[in-house]
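Hi there,

Here is the structure I promised to pass on. Please have a look at it first, and then read my notes below.

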Amino acid sequence: MPELCRFNNMIIRMQYSDDERHHKPHVHVVEGDNEASIGVDGEVLSGHISSRAYRMVSGWMALHEEELYIAWAKAIRNEPFDKIPPLQ
């Protein structure tokens with residue numbers, strides 16, 4: 001699964017052709033042993049990460065919403081997408 005971004009001990013990924021299970025644009029967040037799928041709109045679709053990690057990821061997603069939708073459009077077409085800068 002290609003990596004979109006990495007910051008504060010979290011890895012944010014987006015999978016190619018991944019629109020069948022959740023049916024909406026989302027990312028996969030890995031925080032240590034925890035993992036969650038989170039919609040670009042902030043909805044937790046599955047899994048669990050700490051509330052601190054969720055706040056950071058949702059803030060990052062709000063700042064990069066347009067870039068995330070562009071990456072999603074490419075990913076569902078199996079096209080490479082660009083990395084997105086980390087939260088500063």
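A word on confidence to begin with: pLDDT is the predictor's confidence in each residue, on a scale from 0 to 100. This is a predicted model, in which local features need pLDDT of at least 70 and side-chain atom pairs count only at pLDDT 80 or more, while totals for chains, interfaces and linings use all residues. Residues are numbered from 1 along each chain as its sequence is written, and side-chain values use heavy atoms, with hydrogens and water left out.

The mean pLDDT of the protein is 93, and 95% of its residues reach 70 or more. Confidence is lowest in α2, at a mean of 95, and highest in β2, at 98. Those labels are DSSP runs numbered from the N terminus: helices are H or I with at least four residues, and strands are E with at least two.

Now the aromatic rings. The structure holds two aromatic pairs. Rings of Phe, Tyr and Trp (its six-membered ring) pair if their centres lie within 6.5 Å; planes under 30 degrees apart count as stacked, over 60 as edge-to-face and the rest as tilted. Phe7 and Trp60 have ring centres 6.0 Å apart and planes at 45 degrees, so this pair is tilted. Because Phe7 sits in strand β1 (residues 3-7) and Trp60 in helix α1 (residues 51-63), the pair ties together parts that are 53 residues apart in sequence. Phe7 is buried, at 6% relative accessible area, and Trp60 is buried too, at 0%. Here buried means under 20% relative accessible area, exposed over 50%, and partly exposed in between (1.4 Å probe, protein chains only).

The other pair is Tyr16 with Phe81: the ring centres are 5.5 Å apart and the planes stand at 50 degrees, so this one is tilted as well. Tyr16 belongs to the loop between β2 (10-13) and β3 (26-31), and Phe81 to the segment after α2 (65-76), so parts 65 residues apart in sequence are tied together. Tyr16 is partly exposed, with a relative accessible area of 29%, whereas Phe81 is buried, at 12%.

Next, the helices. α1 and α2 pack at an angle of about 85 degrees, with their axes 4 Å apart. Axes are lines fitted to C-alpha atoms, for helices over the stretch in contact, and angles run from 0 to 180 degrees between N-to-C directions. That makes α1 roughly perpendicular to α2 (under 35 degrees counts as roughly parallel, over 145 as roughly antiparallel, 65 to 115 as roughly perpendicular and the rest as oblique). Trp60, Met61, Ala62 and Leu63 of α1 make the contact with Glu65, Glu67 and Leu68 of α2, where contact means heavy atoms within 4.5 Å.

Most residues other than glycine have a negative phi. Asn8, however, has a positive phi near 45 degrees, and Asn9 a positive phi of about 60 degrees. Asn8 is partly exposed, at 40% relative accessibility, while Asn9 is exposed, at 72%.

Lastly, Ala36 lies in strand β4 (residues 34-39) and is buried, at 2% relative accessibility. Not counting residues up to four places away in sequence, Ala36 touches Val27, His28, Val29, Ser46, Gly47, His48 and Ile49.

Best wishes
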